[in-house]
Amino acid sequence: MSSAPPRLILASKSASRRAMLDAAGVAYEAVPADIDERAVEAGLAGAAPGEVAEALSVAKAAAVAALHPQALVLGSDSLVVCAGRRFDKPASRDEAQEHLRFFSGKVMELHSAAALVREGGCLWSHASLARLHVRTLSEEFIHNYLTLEWPSIGHTVGAFRIEGPGVQLFEAIEGDQFTVLGMPLLPLLGALREEGVILA
């Protein structure tokens, strides 16, 4: 008789990450991490965006793992770079508008990472990249889009939900849908199989 699979905790309150795990049939519980992301980033000056996303994923997972020592904890993070500039989640509708104006007609690089931590040790981490080609956005579109989507997109880097009206921002996307949604799901599922969380 096989033993029970390890308890999996998602160190995030992200609705899209929960939806991905739910749709994939992965059993977990959600315990959002409370870390100072800027402090973690301060120690990573000069690091590539994917490395920063991975480090934040590990830090989030480690913070929750410290409170749940027997569990396997999944941390995840996404960040956006456009024309050499790093973007965080917009703090206000005005800031979201500024972000969208900047993205207009450019390529947005979205780095999504995930990490698995148990008892303080990182067992696995991975970062994936998607390149999103933003079409030229009119002022009228930006205004109407934010009227519809703000404040729901306030918790998203890039100021969009690809599963909602945010898909209208783009004319082409290079990369898989899971990376765009905020987590490299296929590599993660492979790691979860290795750890016995899901069947191989």
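Of the 200 residues of the protein chain, 42% count as buried, where buried means under 20% relative accessible area, exposed over 50%, and partly exposed in between (1.4 Å probe, protein chains only). The model is a predicted one: local features need pLDDT of at least 70, side-chain atom pairs count only at pLDDT 80 or more, and totals for chains, interfaces and linings use all residues. Residues are numbered from 1 along each chain as its sequence is written, and side-chain values use heavy atoms, with hydrogens and water left out.

**Whole chain**

Select the protein chain in cartoon view. Its secondary structure comes to seven helices and seven strands, taken as DSSP runs numbered from the N terminus (helices H or I, at least four residues; strands E, at least two). From the N terminus on, the order is β-α-β-α-α-β-β-α-β-β-α-β-α-α. Along the principal axes, the C-alpha atoms fill a box of roughly 60 × 35 × 25 Å. Among contacts with a separation of 6 or more, 67% come from residues 24 or more positions apart, contact meaning heavy atoms within 4.5 Å.

**Helix H7**

Next, select residues 185-194, which form helix H7. Leu-185, Leu-188, Leu-189, Ala-191 and Leu-192 are buried there. Seen down the axis of H7, these buried residues fall within an arc of 160°, so they line one face of the helix; the arc is that of the directions from the helix axis to the C-beta atoms. On the other side of H7, Leu-186 and Glu-194 are exposed. The cover over the buried residues of H7 includes strand S1 (8-10), helix H1 (15-24), strand S3 (72-82), strand S5 (107-118), strand S6 (121-134) and helix H6 (177-181). Just after H7, Gly-196 has a positive phi of about 80°.

Move to H1. Its buried residues are Ser-16, Arg-17, Met-20 and Leu-21. Viewed down the axis of H1, they fall within an arc of 135°, so they line one face of the helix. S1, S3, H6 and H7 are among the elements that cover them. H1 is followed by Gly-25, with a positive phi near 80°.

Val-26 is in the loop between H1 and strand S2 (29-30). Is Val-26 buried or exposed? Val-26 is buried, with a relative accessible area of 6%. Leaving aside neighbours within four places in sequence, Val-26 is in contact with Leu-8, Leu-21, Leu-189, Leu-192 and Ile-198.

**Helix H6: Thr-179**

Select Thr-179, found in helix H6. Thr-179 counts as buried at 1% relative accessibility. Beyond its neighbours within four places in sequence, Thr-179 is in contact with Leu-110, Ser-112, Ser-128, Leu-129 and Ala-130.

**The largest pocket**

Show the pocket surface next. The largest pocket has a volume of about 740 Å³. On a 1 Å grid over the protein atoms alone, a pocket is an open set of points where a 1.4 Å probe fits, with protein on both sides within 12 Å along at least five of seven lines; lining residues have an atom within 4 Å of a point. The pocket is lined by 33 residues, of which Ser-14, Arg-17, Lys-89, His-155 and Thr-156 lie nearest its centre. H1, helix H2 (37-42), helix H3 (49-65), S3 and H6 each give two or more residues to the lining. S3 gives the most, with four residues.

**The loop between H5 and S7**

Select Leu-169, in the loop between helix H5 (139-149) and strand S7 (170-174). At 2% relative accessibility, Leu-169 counts as buried.

Pro-151 lies in the loop between H5 and S7. A cis peptide bond joins Trp-150 and Pro-151, with omega about 15°.

**Two positive phi angles**

Most residues other than glycine have a negative phi, and most peptide bonds are trans. Ala-83 has a positive phi of about 55° although it is not a glycine. Ala-83 is in the loop between S3 and strand S4 (85-87) and counts as exposed at 61% relative accessibility. Last, select Glu-119, in the loop between S5 and S6. Glu-119 is not a glycine, yet its phi is positive at about 50°; at 55% relative accessibility, Glu-119 counts as exposed.

Key: Grid points are joined across faces, edges and corners, and a volume is the space filled by probe spheres set on the points.
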